[in-house]
Amino acid sequence: MSNEVGEDKDNIYREAQDEVSDFQFDQRVVRVFPDMIQRSVPGYRLVLELLALAAQQFTQPASNVYDLGCSLGAATLAMRRHIAHADCRIIAVDNSPDMVQRAREQIDRDNSIVAVEVIAADVQGIDISQASLVVLNFTLQFIPPEQRLALLQKIHDGMLPGAVLLIAEKIRFADQHNQQLLDTWHQDFKRSQGYSDLEIAQKRQALENVMQPDTLETHRQRLQQVGFGQICQWFQALNFAAVLARKAATHV
Ligand code: GEK
């Protein structure tokens with residue numbers, strides 16, 4: 001079955017596997033990615049719609065907008081169509097060559113005016129400069145936890161006064177009852193989207209070492225530590241949430 005942009009339905013974990021290896025953003029995942037993320041992340045489409053509005057509101061003239069961990073460019077495209085300043089530039093970055101190749105194809109088919117550069121690189125190695133908006137849409141969770149602070153510091157330091165960072169993530173909960181409640185609810189969500197118990201269990205195993213969610217409190221503390229002023233949670237659906245962090249408009 002194909003979805004609207006012609007990709008396949010995600011059946012990567014449908015058959016029992018003798019050994020489930022760590023999840024990778026390879027060609028097999030690229031083919032099914034739009035279907036996979038929509039059926040796995042409650043509210044994914046809404047988050048994209050809200051990112052588009054954020055792009056409309058927060059981008060500054062002649063500035064850079066970063067989409068870090070861009071996958072196939074869904075957030076880039078959503079933002080590109082809503083940025084009011086033709087002299088802005090979107091820099092979309094992903095370290096999966098297969099993702100980047102497909103992202104470039106998708107973006108080439110879009111004729112919006114704002115320039116987009118798609119870079120195949122680790123987000124930890126790129127320069128951030130003149131940024132009015134930076135998006136980490138379900139990406140920070142894949143960065144080793146001990147390296148997240150340094151990445152956020154680099155982002156903060158490359159942002160213009162008043163610029164905004166938007167982070168959407170799977171989150172975990174310090175309270176074990178809440179953790180269990182929302183984890184179970186999320187599994188129900190995946191079942192309701194057509195995934196079998198076997199698919200859910202094997203995907204979970206594949207992600208175990210690769211994706212490590214933080215609590216919202218950890219996110220908040222880290223964002224404060226690197227210097228962000230305003231921090232505001234703007235979305236939550238089960239165990240997925242998003243926060244905005246704004247750099248102070250002026251320095252004292
Ligand atoms: C969307 N934002 O559709 N450097 C660069 N890219 C990375 C790194 C890294 N260190 N680690 C992981 N990635 C997208 C969805 S998916 C989320 C983002 C998910 C990339 C990885 O290759 C993948 O494409 C993306 O981050 C995460 O709005 O699959 O749950």
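The structure holds 1 cavity of 30 Å³ or more. A cavity here is a set of points, on a 1 Å grid over the protein atoms alone, where a 1.4 Å probe fits but cannot get out. Rolling a probe the size of a water molecule over the atoms shows where empty space is left. The largest cavity has about 50 Å³ of space, its volume being the space filled by probe spheres set on the points, which are joined across faces, edges and corners.

Before we go further, a word on the model: it is predicted, so local features need pLDDT of at least 70 and side-chain atom pairs count only at pLDDT 80 or more, while totals for chains, interfaces and linings use all residues. Residues are numbered from 1 along each chain as its sequence is written, and side-chain values use heavy atoms, with hydrogens and water left out.

Now look at what lines the largest cavity: D10, Y13, S40, K190, Y195, E199, I200 and K203. A lining residue has an atom within 4 Å of a point. Helix α7 (residues 197-207) gives the largest share of this lining, 3 residues. Helices are DSSP runs (H or I, at least four residues), numbered from the N terminus.

Next, turn to the ligand. Of the 22 residues around the ligand, Y44, G69, S71, D94 and N137 come nearest, a residue being near if one of its heavy atoms lies within 4 Å. This shell has 13 nonpolar, 7 polar and 2 charged residues, and α1 (27-40) and α3 (74-80) each supply at least two of its residues.

Polar contacts are pairs of N or O atoms within 3.5 Å. In the side chain of Y44, an N or O atom is 2.5 Å from an oxygen atom of the ligand. A ligand nitrogen atom lies 3.1 Å from a polar backbone atom of N95, and a polar side-chain atom of D122 is 3.0 Å from a nitrogen atom of the ligand. Taken alone the ligand exposes 660 Å², and the protein buries 94% of that (Shrake-Rupley method, 1.4 Å probe).

Finally, the structure holds 13 salt bridges, each a side-chain nitrogen of Lys or Arg within 4 Å of a carboxyl oxygen of Asp or Glu. One of them joins D35 and R39, with the closest N and O atoms 3.1 Å apart. Because D35 and R39 are 4 residues apart in helix α1, about one helical turn separates them.

Notes
A polar contact is a pair of N or O atoms within 3.5 Å; within protein, one must be able to donate a hydrogen and the other to accept it, and residues adjacent in sequence count only if both atoms are side-chain atoms. Ala, Val, Leu, Ile, Met, Phe, Trp, Tyr, Cys and Pro count as nonpolar, Asp, Glu, Lys and Arg as charged, and the others, Gly among them, as polar. On a 1 Å grid over the protein atoms alone, a cavity is a set of points where a 1.4 Å probe fits but cannot get out, and a pocket is an open set with protein on both sides within 12 Å along at least five of seven lines; lining residues have an atom within 4 Å of a point.
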